[in-house]
Amino acid sequence: MSLRPLGMEPPPERELLCIFGTGDLGRSLGQRLLQTGYRVVYGSRRPHSCGPLPPGAQVMSHTEAAQLAAVVIVCVHREHYDFMEEVAPQLKGKVLVDVSNNSKKGLYPESNAEFLQSLIPAASVVKAFNTVSAWSLQNGPSDAHRQVFLCGDKAEAKQAVRELATRLGLSVLDRGSLSAAREVEDFPLQLFPEWRLPLCIATGLTAFFFFYLLIRDVIYAYVEQDKDISFRIMVSLANKVFPIVSLIMLSLCYLPGVMAAILQLYRGTKYRRFPDWLDHWMLCRKQLGLLALGFAFLHVLYTLLIPIRYAVQHPSIIRENKTAVFDTTSAWRTDSYFSVGILGFALYVLLGITSLPSVSNALSWREFSFVQSKLGHLTLLLCTLHTYLYGWNKFLRPSTYKWCTPPGYMLCLVVPSVVLVLKLLMVLPCVDRSLGRIRQGWERTGPEGEGTKPLMA
Amino acid sequence: MSLRPLGMEPPPERELLCIFGTGDLGRSLGQRLLQTGYRVVYGSRRPHSCGPLPPGAQVMSHTEAAQLAAVVIVCVHREHYDFMEEVAPQLKGKVLVDVSNNSKKGLYPESNAEFLQSLIPAASVVKAFNTVSAWSLQNGPSDAHRQVFLCGDKAEAKQAVRELATRLGLSVLDRGSLSAAREVEDFPLQLFPEWRLPLCIATGLTAFFFFYLLIRDVIYAYVEQDKDISFRIMVSLANKVFPIVSLIMLSLCYLPGVMAAILQLYRGTKYRRFPDWLDHWMLCRKQLGLLALGFAFLHVLYTLLIPIRYAVQHPSIIRENKTAVFDTTSAWRTDSYFSVGILGFALYVLLGITSLPSVSNALSWREFSFVQSKLGHLTLLLCTLHTYLYGWNKFLRPSTYKWCTPPGYMLCLVVPSVVLVLKLLMVLPCVDRSLGRIRQGWERTGPEGEGTKPLMA
Amino acid sequence: MSLRPLGMEPPPERELLCIFGTGDLGRSLGQRLLQTGYRVVYGSRRPHSCGPLPPGAQVMSHTEAAQLAAVVIVCVHREHYDFMEEVAPQLKGKVLVDVSNNSKKGLYPESNAEFLQSLIPAASVVKAFNTVSAWSLQNGPSDAHRQVFLCGDKAEAKQAVRELATRLGLSVLDRGSLSAAREVEDFPLQLFPEWRLPLCIATGLTAFFFFYLLIRDVIYAYVEQDKDISFRIMVSLANKVFPIVSLIMLSLCYLPGVMAAILQLYRGTKYRRFPDWLDHWMLCRKQLGLLALGFAFLHVLYTLLIPIRYAVQHPSIIRENKTAVFDTTSAWRTDSYFSVGILGFALYVLLGITSLPSVSNALSWREFSFVQSKLGHLTLLLCTLHTYLYGWNKFLRPSTYKWCTPPGYMLCLVVPSVVLVLKLLMVLPCVDRSLGRIRQGWERTGPEGEGTKPLMA
């Protein structure tokens with residue numbers, strides 16, 4: 001008589017697992033399981049002609065294979081799930097692991113795992129391993145995408161699969177009940193969802209400033225001075241658009257933080273949700289910042305390239321410059337302008353490096369916020385200063401305003417200047433203290449405390 | 001009659017957890033626990049007006065909530081721990097998880113977790129989750145800071161919390177008994193402790209060389225030649241200081257390794273501790289190297305910027321250069337100088353990339369030491385050679401020694417040259433063999449073996 | 001009478017572990033175990049003179065120490081395993097953890113762990129921790145190489161060691177039975193095995209193009225025009241070789257993918273293995289691409305450096321250029337050439353960043369393949385276009401073909417052009433559909449289906 005509680009036996013020397021399907025994933029999974037010390041039996045439609053299987057594995061019909069193991073891993077496309085109904089009697093009480101993915105989202109009304117559960121109600125379906133590729137299973141842990149999502153309705157079945165995954169060297173994240181299967185199945189299909197908004201903003205800004213500067217520079221010169229300088233589109237114009245977009249996006253990355261602080265100050269509490277648009281915006285700050293860094297990188301390359309351009313090296317151009325006298329102020333101004341730009345870019349790169357997952361994971365929360373907030377605002381300050389030094393006193397000259405439009409760099413200074421001024425207000429001692437208290441959980445309660453509405457919703 | 005050992009039951013379908021406190025962290029933790037399949041009940045001071053809670057969670061008074069669960073997570077600031085004493089009877093024998101952090105170090109005589117334990121001696125306090133932010137819990141695992149430190153006096157209580165954390169997809173690191181709580185609580189408050197010494201060295205070197213070169217270049221020109229070249233501070237001077245500091249810091253990064261080897265050779269054993277300063281120095285080599293890389297990066301940007309500077313492009317400057325005849329040796333020298341510099345910088349960047357946590361974790365120990373030692377010394381060699389080629393035969397000309405001071409690049413060659421010569425001695429076959437044996441654990445024992453003192457302590 | 005199943009007791013308050021050997025690794029491991037809450041006893045040859053041990057650990061003779069613990073960690077070099085036979089009676093039934101490494105591969109006929117098992121057949125040997133260094137154990141988890149490989153023949157022994165490693169904050173990967181110990185022991189000794197082929201290709205291509213261009217440029221000028229332009233070797237020649245090698249290697253990185261697709265189309269199935277050379281090639285695509293990025297990086301630095309070179313700045317050179325008239329087409333062409341090059345390089349860098357382990361792990365499979373395939377081919381397209389724009393109409397001029405040889409950039413356009421044309425064919429709707437079906441698992445069966453041979457084997 002065994003006094004051991006069910007499921008609590010010491011693991012038998014070599015546990016047997018059943019895999020349905022002898023496709024890529026089935027084979028790779030089987031091979032890895034065999035390496036890890038499990039015994040593997042395949043269930044196949046055509047047990048005698050299913051191609052090469054990992055050495056050490058057996059293959060038999062689905063029914064036979066299902067009878068032998070307590071855990072059956074279903075490595076079969078959903079379209080072929082129909083055969084499962086025949087095997088249903090043998091699957092009663094077993095753990096069925098659904099590893100399937102679809103080729104696109106919303107193909108079926110319910111998730112594959114829920115569909116499988118409805119086909120075999122007597123089994124415990126667990127969704128797992130769908131984020132793991134055959135490729136990464138074959139090529140070992142170093143390159144593997146090791147995160148496995150798990151969901152299912154039976155805790156014991158989930159526990160069995162969790163152990164299995166852990167022994168395979170994968171890291172498991174439990175996503176709850178089987179109703180989360182849809183989300184888990186959609187994960188490998190997603191294509192940068194959090195990058196969409198920032199990419200749209202970047203594209204929009206680039207297009208706007210490209211046409212704005214095209215009109216102001218190239219078309220203006222053509223119409224008013226009858227000169228064809230269209231060749232400037234490729235480098236000069238690009239090198240005006242990129243830094244403008246970069247600076248605006250960097251400031252857009254710090255604007256929601258300032259807005260959130262104002263909202264908290266106005267409401268006197270941190271316990272009320274931000275409006276959805278602000279939440280959404282705050283969640284894509286990292287992406288905004290990284291895109292801004294990309295544009296800054298392009299700006300640096302384009303700028304450094306200037307002296308080897310044909311148009312710049314051409315003697316006719318060089319001769320034009322020969323009239324000026326050496327002016328120390330100009331030397332100071334341009335050198336400062338370059339120097340501030342380089343320091344700003346170096347900090348920019350530093351911010352980019354610290355947002356690499358492995359680096360940011362190694363930072364404590366305080367270190368991360370120091371880098372992203374303090375250094376981030378310093379970067380914004382340097383880059384804004386760089387742009388002001390670029391403009392210098394040109395804003396006073398009427399010739400700057402061709403066709404009554406301000407140049408691009410003036411337009412792009414609006415948002416960063418606003419962000420910096422607001423941030424400056426936030427770090428004033430009195431404001432900082434109130435904000436600190438609110439973020440510690442303090443709540444202002446007063447006659448108007450209950451009635452306030454979200455500021456900008 | 002249950003024959004199951006305590007705590008060994010198969011996990012009940014949906015385990016119930018209690019959370020005290022409905023602040024940010026409490027809500028986020030609750031939401032994540034619910035997603036993972038736990039049931040959650042909140043204990044609150046104001047159960048009827050505590051704001052929005054995750055759907056599916058119940059809220060009641062502290063006393064009621066505490067009675068229902070075996071594990072109580074205390075998401076309350078230490079200042080409000082006083083209410084805990086009222087709940088003490090209900091907490092007897094329960095696992096209390098202290099997740100609190102302080103706003104700065106050394107605020108209280110004992111750690112929050114030890115204070116909580118002293119308030120409720122009958123419960124088993126476990127310190128955990130304090131490094132996890134509400135933000136990362138809400139936004140899932142991809143961006144999360146997943147490392148959780150754990151400490152506590154009762155092994156069973158720790159095991160329960162460890163399981164909980166593992167199911168939440170977090171990775172757990174046991175730090176021992178509850179007396180380690182102080183250290184665990186200080187972790188989120190630390191601000192780059194291992195970067196302090198390298199940053200001080202970098203700041204000191206930068207300041208020293210800035211003023212040294214300011215005097216030698218700008219002030220010398222002003223006093224002796226009555227020329228105002230102060231505009232050179234922004235780019236030219238910076239571009240002298242940065243490479244100097246970079247090279248010195250890179251060599252400081254390899255100096256302790258050589259010193260340690262000498263010490264081991266002198267002592268004839270590796271089983272005696274290095275002096276503390278050497279240990280400390282060796283621990284910050286990575287930071288020294290990364291700062292050096294940062295300075296090298298700035299040097300590259302400043303150098304590439306030279307041709308678009310106002311002062312360089314100005315016709316008066318260009319005209320000055322027009323007298324020389326083309327000299328092939330000079331062409332060879334400057335091209336070699338640039339080429340060696342670029343190759344050195346490329347290796348520098350490679351070293352930087354391999355010190356990213358995710359890259360260095362993917363390397364085997366031998367690969368890592370190959371890159372950091374072999375390639376590192378090669379980088380140092382190339383960068384030193386770059387500086388020697390820059391100097392070339394200028395050290396022979398008396399005009400180099402303005403006011404009898406050597407130029408900055410000569411000063412900065414001292415340390416790297418010493419490191420390279422010492423390293424060269426170390427790889428001589430006879431020295432290398434002795435060192436190899438010592439590092440394998442061999443010990444020289446002799447009449448003088450016992451009496452030796454640490455070489456440089 | 002205890003009803004608890006063996007090995008299932010709740011963990012005793014502080015479990016005792018035995019460590020044989022008081023060297024670096026033994027001490028560090030002991031210290032970490034003590035921190036984690038274990039009790040540690042050392043077994044030593046010389047219990048009274050074995051140097052400083054972590055505070056809290058006891059030290060005694062091997063025999064005494066072995067009797068106390070169920071798990072014995074052997075931190076001793078294989079050369080000293082002989083003493084183990086004396087201790088054999090005390091080790092019966094215990095778990096022996098072999099952590100040893102050798103100084104090079106193939107030193108002994110069998111792995112250390114198997115040798116240990118043969119010495120003490122009555123114990124259960126588990127190979128583990130050999131990839132963990134003393135250094136990383138001492139300095140905590142942030143920098144640690146945390147991956148631990150495990151193998152052994154007894155599942156229970158492995159389970160005990162797995163738990164131990166997990167509590168130390170390490171992540172465990174089970175590699176199967178003790179026969180895998182050789183592979184596990186070889187892991188820390190390997191030196192970039194997957195980089196060898198790409199490095200050979202890079203070296204070969206660099207050497208070939210260096211001598212090819214040396215002959216065509218420098219020696220040709222010397223022989224035919226009697227000019228010594230050997231100083232161009234350092235920068236100009238290097239800056240021709242690097243982009244050529246970079247472009248070829250980038251295309252070699254995408255060639256096997258196209259080949260595999262052709263092979264699958266020809267065979268009408270994906271279930272037959274690719275020839276070994278193709279498999280091998282596909283496995284080193286990442287390394288090929290990263291080396292190509294390295295060469296591209298050098299190319300960018302060398303190019304940006306051009307204007308500050310002595311030979312370029314020299315007035316005799318500048319004067320030569322003064323005759324041309326400004327030509328808008330040339331301005332367009334060179335600016336496009338630069339612009340396309342910069343955009344190509346920026347995408348190149350993006351590809352490099354996404355192949356950092358921590359970044360690629362954060363991507364879903366679809367995102368990863370979007371970046372590496374779509375963006376990768378776009379990068380190849382831009383870089384090829386950059387080279388075509390560089391060549392422009394020079395291929396029509398007879399003076400281009402010095403000594404009847406084509407210039408280097410023409411040679412290097414062959415492979416990328418082939419890859420791009422083939423890839424273009426692959427994305428034609430009809431081909432794409434067939435390929436899609438095959439990759440979904442569809443198999444073409446027909447009279448010739450069985451008889452086909454691998455296309456290029």
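This is a predicted model: local features need pLDDT of at least 70, side-chain atom pairs count only at pLDDT 80 or more; totals for chains, interfaces and linings use all residues.
In chain B, 8 strands form an open sheet with mixed pairing, and their order is β3-β2-β1-β4-β5-β6-β7-β8. The edges are held by β3 (58-61) and β8 (171-174) of chain B; each has a single partner strand, so one side of each is left without a neighbour in the sheet. From one strand to the next, the twist averages 30°.

Within this sheet, strand β4 (residues 71-74) of chain B pairs with strand β5 (residues 95-98) of chain B in the parallel sense, over 4 bridges. One residue pair illustrates the arrangement: Val72(B) has Leu96(B) in β5(B) as its bridge partner. Helix α4 (residues 112-119) of chain B packs on the sheet and touches β4, β5 and β6 (124-127) of chain B. The direction of helix α4 makes about 170° with that of β6(B).

## Cysteines

A disulfide is a covalent bond between the sulfur atoms of two cysteines. How many disulfides are there over all chains? The count comes to 0. Cys253(C) is in no disulfide, and the nearest cysteine sulfur, which belongs to Cys284(C), is 9.0 Å away. A disulfide requires two cysteine sulfur atoms within 2.5 Å. Cys253(C) counts as buried because its relative accessibility is 9%, whereas Cys200(C) counts as exposed because its value is 53%.

## Salt bridges

Side chains of opposite charge can pair when their charged atoms come close. Over all chains, 12 salt bridges are found. The table presents examples.

| Lys127(A) | Asp98(A) | 2.8 Å apart |

In chain A, the salt bridge between Asp98(A) and Lys127(A) links distant parts of the chain: Asp98(A) lies in strand β5 (residues 95-98) of chain A and Lys127(A) in strand β6 (residues 124-127) of chain A, 29 residues apart. Both Asp98(A) and Lys127(A) are buried.

Arg78(B) is in the loop between β4 and α3 (84-91) of chain B, and Glu110(B) is in the loop between β5 and α4 of chain B, 32 residues apart. Is Arg78(B) buried or exposed? Arg78(B) is buried, because its relative accessible area is 7%. Glu110(B) is partly exposed, with a relative accessible area of 27%.

Lys127(C) lies in strand β6 (residues 124-127) of chain C and Glu185(C) in helix α7 (residues 181-186) of chain C, so the pair ties together parts that are 58 residues apart in sequence. Both Lys127(C) and Glu185(C) are buried. In chain A, salt bridges that share partners join Asp98(A), Lys127(A) and Glu185(A) into one network.

## A buried valine in chain A

Val184(A) lies in helix α7 (residues 181-186) of chain A. Val184(A) counts as buried because its relative accessibility is 2%. Which residues is Val184(A) in contact with, leaving aside its neighbours within four places in sequence? They are Lys127(A), Asn130(A), Phe149(A), Cys151(A) and Arg175(A). Val184(A) and Val148(A) are 36 residues apart in sequence, and their C-alpha atoms are 9.5 Å apart in space. Lys127(A), a contact of Val184(A), also belongs to the salt-bridge network with Asp98(A) and Glu185(A).

Definitions and conventions:
Residues are numbered from 1 along each chain as its sequence is written. Chains are lettered from A and ligands numbered from 1 in the order in which they are written. Side-chain values use heavy atoms; hydrogens and water are left out. Two strands pair if DSSP finds at least two bridges between them. Helices (H or I, at least four residues) and strands (E, at least two) are DSSP runs, numbered from the N terminus. Axes are lines fitted to C-alpha atoms, for helices over the stretch in contact, and angles run from 0 to 180 degrees between N-to-C directions. Contact means heavy atoms within 4.5 Å. Buried means under 20% relative accessible area, exposed over 50%, partly exposed in between (1.4 Å probe, protein chains only). A salt bridge is a side-chain nitrogen of Lys or Arg within 4 Å of a carboxyl oxygen of Asp or Glu.
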